[in-house]
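Thanks for making the time.

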Amino acid sequence: MNQPDDNELFNRLEAEMTAGPDADVVDLDKARSARDGSAAPTAAPLPDSRPTESADPYDEESGDLLARPVDRPDLPAPGITTYKRRPILPTWLTSKPGFVATAERAAGNAFYATAFHGIRTPWYALQLTLHAPRGAARFVRDSNRWVWDAEGAPLREYEVRRENTAEYLKLSRQRDGRVRLRVLVSTVALVFGAAFALTLYVLAPGWLGVLASAAVLVAGFWGAPQDHPVIGPAVLKTEIQKLTGPIVLRALDNIGNAKLSAAIKKGGDMNGMRFTSEITRDGPGYRADVDLPWGVTPEDIMEARKPLASGLRRKVGCVWPSADPTEHEGRLILWVGDKPMNETTKPAWPLLKSGSVDLFRPVVFGNDQRMGDVAVTLMFASVVVGSIPRMGKTFLMRLFLLIAALDPRAELYAFDFKGTGDFGALEPVCHRYRAGDEDEDILYVLESLRELRAELRRRAKVIKSLPRSRCPESKVTPELANDKSLGLHPIVAGFDECQVPFEHEKYGAEIEEIATDLGKRGPALGMVTLFGTQRPDAKSLPTGISANAVLRFCLKVMGQPANDMVLGTSMYKAGYRATMFSRTDRGICWMAGEGDDPRIVASAFVDALGAEQVVVRARKMREAYGNITGHAIGESPESGEPAFDLLADILNVVPADEDKVWNEKVAARLAALRPEIYGGWKAETVTTNLRPHGITAQDVWGTTDKGKGTTRRGIARADITTAITQRDGKRSGD
């Protein structure tokens, strides 16, 4: 009788498990034993005490739930097959940066070799001339051996010693034929050579000298020592190794990740780790695509760039691991450059000598590690740029303002609170411009911001009045920006070292309030704000601004708080760490907000002279468009809104007999006093604007409109008077 095979037993087990409470459970081990002839007890039926509504099998003795098979043999496949086609042409030929890098490298080596050997040509000629007699002797010796078939003599001698007459005679006849032919060839060559030389001597003696010199040089090559040639290589190979699979695995094994190390040591399947394609050249470097082991993400690798670079024997500036946004979360793209990013020659900025800008479209402003172009869209965004000093923050801010200047519709506000005139090249195209941190400079900026706030409110009314067919999304569009009658052109305002105005004792609170409002509501109304600071903390970069920034650029910073203040909460934990940049990585930053994932970008370098050339071109474009206004034609901002003193205004609305008052009542009274300034203020706004003056909110007992007593956040009038006294005392001391 035929015994059932394993497949039949599996199918029977599955059928019986799903048949109902009265079905039998088959133990595969017992069934196999029975099939082999050994006695095995039959499986007992499930006890009746098992819940009838469940079809899951239970152990008879323990009552525990038994394991249920989950892999059905007849489970259909999804029917989806993915194919990854290898490129027809190599990547360096299809990529502009790769082609440029390869062509530059080849052309540079060729030019260098030409110059190297060109300078040494006289020395080569002298050495070859000195080696020519030896080369001539070698030529005569080798020609004599060739003519008389000397290379076959050892074989013939061997046959003589063996007394193999037949083989020797065969070799002798072969030697005689060779000698006759070679003597004939040599004789003809000598005769014709002598005749040709005599002809040249009579008809063209100059050419005879050329050929004689060439013969001497050839003889010199022939006579040069084999281990010390006269002409050596001009370009020596570097010590950089070609990136290979074993090198990548060695480096990944040494970064300290337990799952990676275990997978690499395991071999075989390696827990899902594998190279998904061949390692290829990608721009000025190599690219390896790797599926990491189960549970390992690219962020785990990004956190260990230094040990990874050590394993690859590269500088850390050459090694750039990243995720692949087009694949699953375990796909790693490991790009290893030939040179560190800060040592690689970057392409010139495309807009340096020609071209214009549409701020509603992406504009190239830098390059990635592969020297590919990286673009940014400034419209509908507020921008934050942060770093420690001397890392290129101001250059990046100026580059963004240059981009805005090349859009003839845009209105520029450039404020440099460092006071060194880094934005000075932009003066001819700025509607408002200021450099400095004196009180009059801060007041100028405040008056400019008041203009922007009034413009913000005007634009909101214009957008509200437009029909839905023309403005469907309630925001500025390119078509609306082109309509001069609406006045909805782009406005770009840049604040370098923005911590200076925010911390100003007298005007800081109002500047912060207006700047925060512009950062929140401005982008939809065509107003772009740029904030740069070398001290990214809550005081220098208010949370209301940093939390609402769309585009974030973080150059080197020193710690996690500054990193997350610029890039966003938990970015440091996610592996996007600007602390990994060195002091030589000037202009290199993490960019967040343009695309799905943050990416590393090296901004284009435009010095002061280059910026002036761009501004000259931008000025001509603006003159043709009719957009030269404000500072560019010598006008200053109007003081349409009177300067206000927040502390004095609070004393004005809080009578002397009211020791403490709720902040919400203060906000309402201030709004009634100066609606154009304090309109819309809430209790939280009062708290925020008093904090720079050293006044904190406290619990204050009061009575509601319904006569119910309760405690809410408020201030003490005595704190206001103390703050005014201290402030006025400092000013009188100055």
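This is a predicted model: local features need pLDDT of at least 70, side-chain atom pairs count only at pLDDT 80 or more; totals for chains, interfaces and linings use all residues.

Residues are numbered from 1 along each chain as its sequence is written, and side-chain values use heavy atoms, with hydrogens and water left out.

First, strand β9, residues 411-416. Helices (H or I, at least four residues) and strands (E, at least two) are DSSP runs, numbered from the N terminus. In β9, 6 of its 6 residues are buried. Buried means under 20% relative accessible area, exposed over 50%, and partly exposed in between, with a 1.4 Å probe and protein chains only. In a regular strand the side chains alternate between the two faces of the sheet. Here Glu411, Tyr413 and Phe415 point one way, and Leu412, Ala414 and Asp416 point the other way.

What does β9 pair with? Strand β11, residues 491-496, runs parallel to β9 and is joined to it by 6 bridges. Strand β10, residues 430-435, is also parallel to β9, over 5 bridges. Pairing requires at least two DSSP bridges between the strands. Tyrosine 413 has alanine 493 of β11 as its bridge partner, and phenylalanine 415 stands opposite arginine 434 in β10.

Arg434 comes up again with aspartate 441, which touches Arg434, Ala435 and Gly436, leaving aside residues up to four places away in sequence. Contact means heavy atoms within 4.5 Å. Aspartate 441 lies in helix α13, residues 439-465, and counts as buried at 9% relative accessibility.

Now the rings. The whole structure has 12 aromatic pairs. Rings of Phe, Tyr and Trp (its six-membered ring) pair if their centres lie within 6.5 Å; planes under 30 degrees apart count as stacked, over 60 as edge-to-face and the rest as tilted. Phenylalanine 365 and phenylalanine 400 have ring centres 5.6 Å apart and planes at 50°, so this pair is tilted. Phenylalanine 365 is in strand β6 and phenylalanine 400 in helix α12, so the pair ties together parts 35 residues apart in sequence. Phenylalanine 400 also forms a tilted pair with phenylalanine 553, at 5.0 Å centre to centre and 50° between the planes. Phenylalanine 553 lies in strand β13, so that pair ties together parts 153 residues apart in sequence. Separately, ring pairs link Tyr413, Phe415, Phe417, Phe495, Phe502 and Phe531 into a cluster.
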